[in-house]
Amino acid sequence: MRKLPGLILISLGLSLACLSANASLSEKVQKRMDKELKKQLGSAMFKRESITFENNDLSFTLENDQLYKISLEKSVKGFVLVEEAMGRYHSFKFMVFVNSKLEVQAVYVLQYDEDYGSEITSKKWLEQFKGFNPQSKFEYKQNIDAISGATISSKSITLGIKNVLQKFKELREKGCL
Amino acid sequence: MKTKMILLAALMFHLMTSYAQLSEKTENEPQNTSMKLMSTNDSKISIGGYAEINYNQPFGNDIRSNGELDVQRMVLLFAYQFNDRVDFVTEIEFEHVKEVFVEQAFIRYKLNEWMNLRAGLILIPMGIINEYHEPTTFNGVERPLIANTLIPTTWREIGIGFSGKFNDLGLKYQVYLVNGLNGYDDGTAKISGGGLRSGRKKGAESFMSSPNLSFKIDYYGISNLKLGFSGYLGKTQSTLFDGLDTNNDALVMMADSSRVGLNLFGIDARYNKDGFAFRGAYFAGSLTNTAEYNELTGKDVGSKLFGYYMEASYNLMRLFENKNEELVFFARYENYNTQSAVEAGTVKNDAYAVKQITTGLGYRIANGVVLKADLQFLKNKTQDSYAKQFNAGVAVWF
């Protein structure tokens, strides 16, 4: 009798999990990306095109599904770079959406698997990065608010966003964007 | 014991050499080891650690005391990512250089976006320090006393449960079924009016007479603020339930008297903005069956316990417009009583009512290294004056 609550807890949890565990992760990531872009652009009619390069002299590796050009009604609205960074024990994926002037319009965490540091997925916290460009100076705990209990992931994403902006800068300088 | 040490050293050596092969370029920005390791997409191992090297010196009365110097703890953290959904995390601790413990060893299995399954040796989510006990994340050389006597940090048990988050709501949750604290072990009563700490089995051949429930909810929906509510419900464990003839009423009654019911609750809050931080925690517990337990064991377990602490701190470097460095001044007040109420027949002991004031500085010389120094004033209700102690320490987290 005493063991019953425990068994109910476990079976409930597992059945709930099975109900929602079906779609593949990368499809989910793409759906989330589009949902955020729809919110930013105020319209679902945008086009998201993947950009890849054959021969390039970039100082970093660019994967096939990492960089996108976003256009709405034939004008380029901006670009998205999907980047991976490290949380406490597990990596996570986030996207930085910049306009054609390379100013951050939105940062959105696309996939955050572990429990530690998930506070960085908070939209309010991520709004701090809006408006930054490759020339901006920003540092965790200085002009970026600290998050108790999420030290590693918040420092990691701050550094990640800086790296993303430098990558955008380099892509523009080399005529890729 | 020696075999275990050799095997552990061999494991660490192997992991260290794997790390050396996996790590790529070094970055200009300081990163912790786990960030460096994972800079290639293929790396699945992360290694981290923390350490506290402390100096405690009582002073101020007519009695001279020696100072105590100790590598209080040296901890290694390993995590392995099997795939997108499953990882394993373990924390191995060396206390006072010679005692080895495993503080965490669990598998995390991602079921969906808002739910993970966790199984293994898990940290009990109660208060702030039990889960976040890296020495660079709290002020003061020593942990708050409450996170020692009231909440037996580092409190870990073997169990299974769920953890997860609802991002849009700003909520995190954890709920586990675990084996409980050891209240009675072959004639030895493990808990007393002084608290529950001796009841920890630390995952070393723990036994279970009945499962306990542990849960916590964290709310971080308001900027700069983190709130937590935790609970722990269950009965302490007892060896008298092993091989118990359920038809023998006298033995069943005795076994029942050898355990205490625990209903513990905690609230905690953390706020930080512009160099100023505040944290506080409050715990209250009600223990049942203590009169019977005390009669059987001769102990003085109270029927209620409570405690709280409040701390404020400020980064002094901000006064000098120097935002790069951190010199944090803090002050903390703690008040707790592990025996705030007793059932009839139990002797109340005022020595269990304690107050402590701590104030000092923490100088962060690099991300992950803090030099600390503070003064502590401690007294219990039976004493007239505060005992004074100076502490200094090095705290490291990588």
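What does chain A average in pLDDT, and what share of the residues score at least 70? Chain A averages 86, and 85% of the residues reach at least 70. pLDDT is the predictor's confidence in each residue, from 0 to 100.

This is a predicted model, in which local features need pLDDT of at least 70 and side-chain atom pairs count only at pLDDT 80 or more, while totals for chains, interfaces and linings use all residues. Residues are numbered from 1 along each chain as its sequence is written, and chains are lettered from A and ligands numbered from 1 in the order in which they are written.

View 1. Two residues are in contact if their C-beta atoms, placed from the backbone, lie within 7 Å. Where pLDDT is low, the predicted coordinates should not be read in detail.

**View 2. Ile146(B) and Ile151(B) touch the most other members of the largest nonpolar core.** This core holds 50 residues. Its largest share, four residues, comes from strand 2 (residues 68-81) of chain B. A second, separate core has 34 residues, among them Val80(A), Phe97(A), Tyr108(A) and Ile147(A). A nonpolar core is a set of buried Ala, Val, Leu, Ile, Met, Phe, Trp, Tyr and Cys residues joined through C-beta atoms within 7 Å. Buried means 20 or more other C-beta atoms within 10 Å of the residue's own, with C-beta atoms placed from the backbone. Leaving out residues up to four places away in sequence, Ile146(B) touches Ile151(B), Ala281(B), Phe283(B), Gly307(B), Tyr309(B), Glu334(B) and Tyr336(B).

**View 3. Three strands of chain B form an open sheet in the order 9-8-12, with mixed pairing.** Strand 9 (188-189) and strand 12 (237-238) of chain B are at the edges, each with a single partner strand, so one side of each lacks a neighbour in the sheet. Strand 8 (residues 182-185) of chain B pairs with strand 9 in the antiparallel sense over two bridges. Asp185(B) has Thr188(B), in strand 9, as its bridge partner. Strands (E, at least two residues) and helices (H or I, at least four) are DSSP runs, numbered from the N terminus. Two strands pair if DSSP finds at least two bridges between them.

**View 4. Helix 5 (residues 290-297) of chain B has Thr290(B), Tyr293(B), Asn294(B), Leu296(B) and Thr297(B) as its buried residues.** Seen down the axis of helix 5 of chain B, these buried residues fall within an arc of 165°, so they line one face of the helix. The arc is that of the directions from the helix axis to the C-beta atoms. Their cover includes strand 9, helix 4 (249-257) and strand 14 (276-288) of chain B. Just after helix 5, Gly298(B) takes a positive phi of about 75°.

Methods: Buried ≥ 20, exposed ≤ 12 C-beta atoms within 10 Å, placed from the backbone.
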